[in-house]
Amino acid sequence: MSASAAPLTAPLSDDKVGLLTRLTDGLDSPALWWLSGYAAALATHPNASRVPLPGPAREASASQRLTIVYGSQTGNSKRLAEQLAGRAESAGLAVRLLRADAYPIRELAAERLLYVVISTQGDGDPPDDARAFVEYIAGKRAPQLSELKFAILGLGDSSYPQFSAIARNLDARLAALGASRLFERADADLDIDSVATPWLDQALQAARETIKSTVARSSVTALRPLPAAIAWSRARPYAAEVLANQRITARDSSRDVRHVEISLAGSALSYEPGDALGVWPHNPAPLVDAVLAQLGLDGNSHVQHATTSQPLRLWLSEQRELTRLSRPFIATHAALAGNAELNRLLSPDHSGHLAKLLADYQIIDLLRAYPAAWSAEELVAALRPLAPRLYSIASSQKLVGDEVHLTVAHVHYEAFGCAHWGTASDFLARQSESHRIPVYIERNERFHLPKDPSRDVIMIGPGTGVAPFRGFVQERTAVGGSGRNWLFFGNPHQRQDFLYQTEWQAALKSGALNRLDLAFSRDQLQKVYVQQRIAENGAAVYDWIEKGAQVYVCGDATRMAKDVHAALVDVAMNHGGKPRDDAEAWINALQQQGRYARDVY
Amino acid sequence: MSTTLSAVETVKQQSRFLRGSLVESLADPVTGALRDADTQLLKYHGSYQQDDRDLREERRQQKLEPDYQFLIRLRLPGGVVSAAQWLALDDVATRYANQSLRITTRQTFQFHGVIKRELKTTLAAINASLIDTIATCGDINRNVLVAANPQLSRFHAEVYEHANAFSQHFLPATRAYHEIWLDEELVAGAVEAEPIYGPTYLPRKFKTAFAVPPLNDVDVFANDLGFIAIIRSGALLGYNVTIGGGMGASHGDPTTYPRLADVIGFITPEQVIAIGTAVITTQRDWGNRSERKRARLKYTIDDRGLDAFKAEVERRAGFALGPAHSYAFEHSGDQFGWMEGNDGRWHLGLRIESGRIRDRNEKRHLSGLRAIAQIHSGDFRLTPNQNLLISNVDAADRADIDALVAEYGLDGHRHSSPLRRNAIACVALPTCGLAMAEAERYLPDLLARIEAQLAVHGIADAPILLRISGCPNGCSRPYLGEIALVGKAPGRYNLMLGADARGQRLNRLYRENIDESAILAELDPLFARYAAEREPGEGFGDFLLRSGIVATATMRVNIPVEMHT
Ligand code: SRM
Ligand SMILES: Cc1cc2nc3c(=O)[nH]c(=O)nc-3n(C[C@H](O)[C@H](O)[C@H](O)COP(=O)(O)OP(=O)(O)OC[C@H]3O[C@@H](n4cnc5c(N)ncnc54)[C@H](O)[C@@H]3O)c2cc1C
Ligand SMILES: Cc1cc2nc3c(=O)[nH]c(=O)nc-3n(C[C@H](O)[C@H](O)[C@H](O)COP(=O)(O)O)c2cc1C
Ligand code: SF4
């Protein structure tokens, strides 16, 4: 999607290329698609002096226009919002698609038709790109919206206690502000499309009815090129060959972290450091066996669900979540088990216990703890479709060409007296050379390096959070440029868990990395974490940021990201002499400007 | 001989009396290693940087640096340790090292596997037990050996005093050690000097030993400087002085070779320090500082001539050495079991295979010796053959100690063959950075196979002296073994034969670069002939020479005839 690709292919004079680059730079995908359509139109009417400038939003008044706003951390909401915009546009509707932090919030009052696609992150938090949007609407300054018609699609994961909380609250709040709900909100679980697709159809239908289409545009939209449709995607993953699967923690480490190298050769897939690789896993065979055994079901029995009929074992190993528990599943199981204790957990006043159950139990643990009689059909129906997992890309194509590297923490642990696995990380850990696995690229524009290579970057990535920064340093080295690179890394033990130690040592020697601050938590009596290192180097950190450094945080969302955030606020207080409110405003501003980006999980 | 100084000389020169940037190196969290120059300087503080070679390739693939760790070598003149000190060292071994105490062929302990982050704490803990590690490595006088000889306890005490004084006198003067490891205040503006050594110390390591005939357990002729106690009618007259011994050689480099020391004369006990100073300073000034391979005293002597060197030593000492007295060494091994000293106290000699004290299955040696140290009123004595003496035991306490010895499987000397009791292996893999083949870890299997052969020929009780080194540096003094294996490549060794068992005659290369099966195939017929043709009391090495199987030895020590009566 990057505009800088144009000069490579375009048969244009340098100055035209310059103009083109300036024109396309920073445009998001819908805009670029639209532009390609416009160019195509010009091409088909060479001697037409003026092709009517088509364009979403252009001169279309709010009443004739659909606005789609999305808030997305890992790209799912974005993808759906883009689908909707594309389809609405093809249908000839005037539509403008905006990422939440690009939405001119003052226009909300004048908005007539608004769709919001938004996920819930953290512990019921908005995605980073929608923080301001959500806060504004929730806040006192939000205007009355009696003129507004709206609809909301929420994305979430029902294994979190705050399932789709952001969409729910937004839905309620817009109604409270007097806006009228066009149709019911839907909350998509990890099996996103089963909920999202019907919602999109409905949304398109409703939009059509609310605003009549205008002919002028369709001629051009028809000319839209479709290359993107051919590309590999989440829905059509590419079967990529595994080139290497190397443990990178010492033999006596308590963790099993893998460096996985995968070939994209021939796929035409490309990525930028900061993007993630989506992986469609299979469940571990022993886990499938354990579930079958526990429920006394026959893996070979054919099970019909929706339009598909296939052996139960196949359903379980390739198409159903077998690890992550979800609230609806617990409910169904409780009903089947007729277990009082379990039912009690589900009642609102026990939400604490339920949260703990969701955190500690995998599906197999629930099945073992509260026996119940499941039929194969019931099981397949109740289990969520298997969802892909994302892994930060740990390489730069400028260095590794058409390879993509990952840093994967292999989740496998003993609990309740038996072995447990993480579906995707174990799937990856099981791969040996020349195996092929289904993957796709998940863009993450908000986590890309600054376009200007003279900008400094501060990278905070303990544990596997270091993955994207390996790609960052590779990229910055290949690009050259005067920007300095500062990495904060941490893990339990220096000797066992220093991920990519020899590469960082080489980078320090060569100057590719300017500073490396380490926090090995268990090498001394008092635990130390990266946030302590940030505090210790507070003056320098503040100075770098004030000089324009971009700050990136990647890794654990539950604790690390919060602690690091707090540490950065303290830095602004202690070294920027800011009172807390200003310090928080300062960091929020950085976040708005995309100078403080997080990729946490 | 080139005249450009070797790199190490420059490092010493710029080290500000052994400080270098050790403090910075220790503080660097990005690596478990030290800066290159500091790895050289650390030796003078008694430690070597190493890495676990078993893990090297694995960790390279894991994108992890080698598993850097440190060897720590104690300064224990004569290898004497009190019971209280034993307990302290045992604690260090279990807390910071690899749960083992390693008795070396120079009569001291080594700890292996200490990591950089804990190096300072470990050295502090050792010093807290009133033991230091200064100058146990590096180009300087090393740990001083003293015959462990238990029977002649009275002389042992006397000789030990001289050795201890010698060790003290030739310590470096710099306070670097105390500043870096023991947080001693830097004395502001105190200009330091090394009165004896000078700012670049010696060209190479320097080793000193005190022997008490009739035992040559210290292998005095393998040392740069040796003192052979001359005892006449119940009194210590003084010492024969030996210079120029050394084992180290390099494969395929004939300019390097093992060399036995020459006896250059006799001195009285009061003259020990003076002679030491003269020999050390002459080597300091004459030694080769451009080629480390040729920097040991033995080469200085061969390059300048023994007479010239001796003359210079006498000039510097300010007196001439007297003519050497006669002496006789019976063998260079240890004695085991209970022995009564001539002061009526008892000593128990224990066999420690390859000097490695640790708990392994039923042999719980580390725990056993801990238990003994807890009840023992006397002291311990390490031997240069990597064995151990529980020394100065009252007759009354013997039974208690015997009980513990049996309980913890420390009575190996009772059941093992003479071959096994005498064998020495150097450390080699996985810690030694220079090892080309296994030694310590391989010794038990090797011995079992040879024992089987000896049994077949009915000579299981032959006291054959076998030594194995993982490389030609010769840390197990292999060139003084009747049978020796010198590592050349993984699983391959040079087979050397024909030394005596008294440390007075070097062996010779018999077969080059062969593997175990070839080694056993070569030895078997020799054992057959030895069994059939040996004369009463004739050692295996002597037999190989007499029978012409091994040509006359490369080098033997000249034994002067008695001059005084
Ligand atoms: C521990 C010990 C062997 C043992 O199994 O006990 C030992 C171990 C090492 N010796 Fe040695 N030497 C040991 C006695 C000897 C002896 C025997 C003796 O001194 O009686 C010799 C032969 C005599 C001599 O010095 O010529 C000996 C000749 C060497 C040499 C060759 C010196 C030469 O002049 O060529 C080296 C390599 C070097 O110095 O460059 C060496 C180097 C080493 C090092 C430090 C390897 C290195 O430089 O990185 C070995 C450490 C291995 C480890 O992991 O522990 N070691 N080394 C002995 C410790 C003695 C002590 O407490 O100070
Ligand atoms: C944008 C993004 C980037 C990511 N980048 C990376 C990356 O670079 N490297 C990486 O390793 N992961 C990364 N992740 C996380 C990754 O996507 C998976 O969530 C992770 O690998 C676990 O998935 P799984 O299928 O192996 O385990 P799942 O099958 O999803 O989880 C199994 C269940 O086991 C339990 N569980 C999980 N982990 C543990 C644990 N450690 N201890 C105890 N119980 C546990 C939980 O109940 C969990 O529900 C990223 C996630 C996101 C969203
Ligand atoms: C770190 C993290 C925290 C999450 N927290 C929640 C949550 O609290 N509630 C929820 O419903 N979903 C939660 N999710 C699930 C996401 O909302 C879900 O993956 C969604 O598909 C992401 O959509 P997006 O890519 O548009 O951000 C979380 C996901 C991650 C990675
Ligand atoms: S002889 Fe060689 S292998 Fe053995 S310890 Fe000495 S240097 Fe290492």
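**A tour of two ligand sites**

Select the shell around ligand 2: by class, 10 of its residues are nonpolar, 9 polar and 3 charged. Nonpolar here means Ala, Val, Leu, Ile, Met, Phe, Trp, Tyr, Cys and Pro; charged means Asp, Glu, Lys and Arg; the others, Gly among them, are polar.

This is a predicted model, where local features need pLDDT of at least 70 and side-chain atom pairs pLDDT 80 or more, while totals for chains, interfaces and linings use all residues. Residues count from 1 along each chain as its sequence is written, chains are lettered from A and ligands numbered from 1 in the order written, and side-chain values use heavy atoms, without hydrogens and water.

Next, pick Thr323(A), Arg324(A), Leu390(A), Ala424(A) and Ser425(A). They come nearest among the 22 residues around ligand 2 (a heavy atom within 4 Å).

Now show polar contacts (N or O pairs within 3.5 Å).

- Arg324(A): a polar side-chain atom sits 2.6 Å from a ligand 2 oxygen.
- Ser392(A): a polar backbone atom is 3.1 Å from a ligand 2 nitrogen.
- Thr423(A): a polar backbone atom is 2.9 Å from a ligand 2 oxygen.

The protein buries 76% of the 960 Å² that ligand 2 exposes alone (Shrake-Rupley, 1.4 Å probe).

Colour by element (DSSP runs; helices H or I, at least four residues; strands E, at least two). In chain A, β12 (389-392), β13 (403-409) and α18 (423-430) each give the shell at least two residues. β12(A) supplies the largest share, 4 residues.

Move to ligand 1. Which protein donor does its iron atom have? A single one: Cys475(B), through SG, 2.3 Å away. Donors are N, O and S atoms within 2.8 Å of the metal (3.2 Å for Na, K and Ca); water is not among the atoms, so sites may look incomplete. Cys475(B) sits in the loop between β19 (466-469) and β20 (483-489) of chain B.

Notes: A polar contact is a pair of N or O atoms within 3.5 Å; within protein, one must be able to donate a hydrogen and the other to accept it, and residues adjacent in sequence count only if both atoms are side-chain atoms.
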